[in-house]
Amino acid sequence: MHFATLSAGVVPGVPTLDELRALKPLQQPEWPDQAALEGVIGQLRTLPPLVFAGECDDLTTSIGAVTRGESFLLQGGDCAETFDGVTADNIRAKLRVLLQMSVVLQYAASVPVVKVGRIAGQYAKPRSSGDETREGVTLPSYRGDAVNGLDFTPEARIPDPERLRGVYNAAAATLNLTRAFTTGGYADLHQVHAWNTDFVKSSPVGQKYERLATEIERALAFMRACGANSEEFRTVDFYASHEALILEYEHALTRIDSRTQQPYDVSGHLLWVGERTRQLDGAHVEFLASLSNPLGVKIGPTTTPEYIRALIDKLNPKGVEGRLTFITRMGAGKIRAALPPLLEAVRDHGSPIAWVCDPMHGNTFETPNGYKTRNFDDVVDEVQGFFDAHEQVGTWPGGLHVELTGDDVTECLGGGEELVAEDLVNRYETACDPRLNRHQSLELAFLVAERLHGARA
């Protein structure tokens, strides 16, 4: 498999970068040095793909099973990746918690799980304001390591196009190690106990997971005794996703697949457009509509049935199974009223759509001691509301999209550890929004497994 060589940034079937810029895309950096930016874009156009078209097609097929109610999609990772976070320990920890969650879901709910990381590209973030003020000093907002630095200094906050080259290198390193872990034995189902050795003694949810792992090991031992020892138990398919926010980077990594002559953005397998940039006539939707990757769209509580039908017609006019995923982020107090009309509109439209719940972004608030956080009870309530809405309409609750880490951070309140606002000072490490820690992530997986079991029944 290879990709056709492109010249001068012209990708057949894809709007040019100038055409996209003419649409006045939102949430883009104000690059101070256009010549330096064009130089970086030119180099990125010559670099090898980070993912392959065939892998993107495989993910589309897998999500197609989600649209039919035959699989469940688990998508998770950092709110915003950082260059400093590209270490073996960090990558392994994120992969470990996602593998543990998928095992809980797959075994307890008896449903195949499509595993997708917010990984190897989630380096840019939209912001509600272009500026940030601290103690009377105003500087450009931090927009992720793809754009500028987190330190609150004039030098760090200047957008630097060289960082886009850093995104490519960091994503390549992350994907390289992820592929090694998922095919080299770490993801072997026989490792279910090993993933938990540092966790089981200190956590009730770790002990609950350990009991499930023992059941899985007994089942595997029985299958080995019967002569069944499938290679599928030893490796997993794991895909990378991120928000396609910075159009210069995404466009520079768009290639024509020589097998099909179709365009793919080879920066990641699944790309999504956020709540702030999903205008029907906007540059981001126009760009994504031209690609052959599986796509996601974040859907908030103000979304109308008319809009969602138009969005389907724009992004999936041929009705391809697995092409389009709607990721709801409505807030615990709004989802039960806001989601059913949208489910009904899509059902009546007839297009195969995968529905995934993001219970994080609609439940963010600031504590009196100044930390942006989320309450685990609100996260759970939104997930419950997601399942309630699907049960009401008779549609399939297809997946879960969460910001999480495999580390023992203290960023979200509640959960089995009963974290309170005063605990946030201990290990608040996120570069942007608060993430579930490993304990909370596994707790959520067990709760979702219970609802999934009921949904399948």
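Modeller: Cys 357 stands opposite Leu 400 in strand S15. This is a predicted model, in which local features need pLDDT of at least 70, side-chain atom pairs count only at pLDDT 80 or more, and totals for chains, interfaces and linings use all residues. Residues are numbered from 1 along each chain as its sequence is written, and side-chain values use heavy atoms, with hydrogens and water left out.

Biologist: What makes strand S12 (residues 354-357) and S15 a pair?

Modeller: Two strands pair if DSSP finds at least two bridges between them. S12 and S15 have 2 bridges and pair in the parallel sense. Strands (E, at least two residues) and helices (H or I, at least four) are DSSP runs, numbered from the N terminus.

Biologist: How many bridges join S2 and S15?

Modeller: S2 and S15 pair over 5 bridges, again in the parallel sense. Gly 77 stands opposite Glu 403 in S15.

Biologist: Why is S15 (residues 399-403) described as largely enclosed by the rest of the structure?

Modeller: Buried means under 20% relative accessible area, exposed over 50%, and partly exposed in between (1.4 Å probe, protein chains only). Because 5 of the 5 residues of S15 are buried, the strand is largely enclosed. In a regular strand the side chains alternate between the two faces of the sheet. Gly 399, His 401 and Glu 403 are buried on one side of S15, and Leu 400 and Val 402 are buried on the other.

Biologist: Why does Asp 84 count as exposed?

Modeller: Asp 84 has 71% relative accessibility and therefore counts as exposed. Asp 84 lies in the loop between strand S2 (72-77) and helix H4 (88-109).

Biologist: Why is helix H11 called roughly parallel to helix H12?

Modeller: Axes are lines fitted to C-alpha atoms, for helices over the stretch in contact, and angles run from 0 to 180 degrees between N-to-C directions. Angles under 35 degrees count as roughly parallel, over 145 as roughly antiparallel, 65 to 115 as roughly perpendicular and the rest as oblique. H11 (residues 376-393) and H12 pack at about 20°, with their axes 11 Å apart. H11 is therefore roughly parallel to H12.

Biologist: Why are H6 and H12 called oblique to each other?

Modeller: The axes of H6 (residues 204-225) and H12 (residues 438-456) come within 9 Å and cross at roughly 50°. H6 and H12 are therefore oblique. The contact (heavy atoms within 4.5 Å) includes Val 205 and Tyr 209 of H6 and Leu 442 and Phe 446 of H12.
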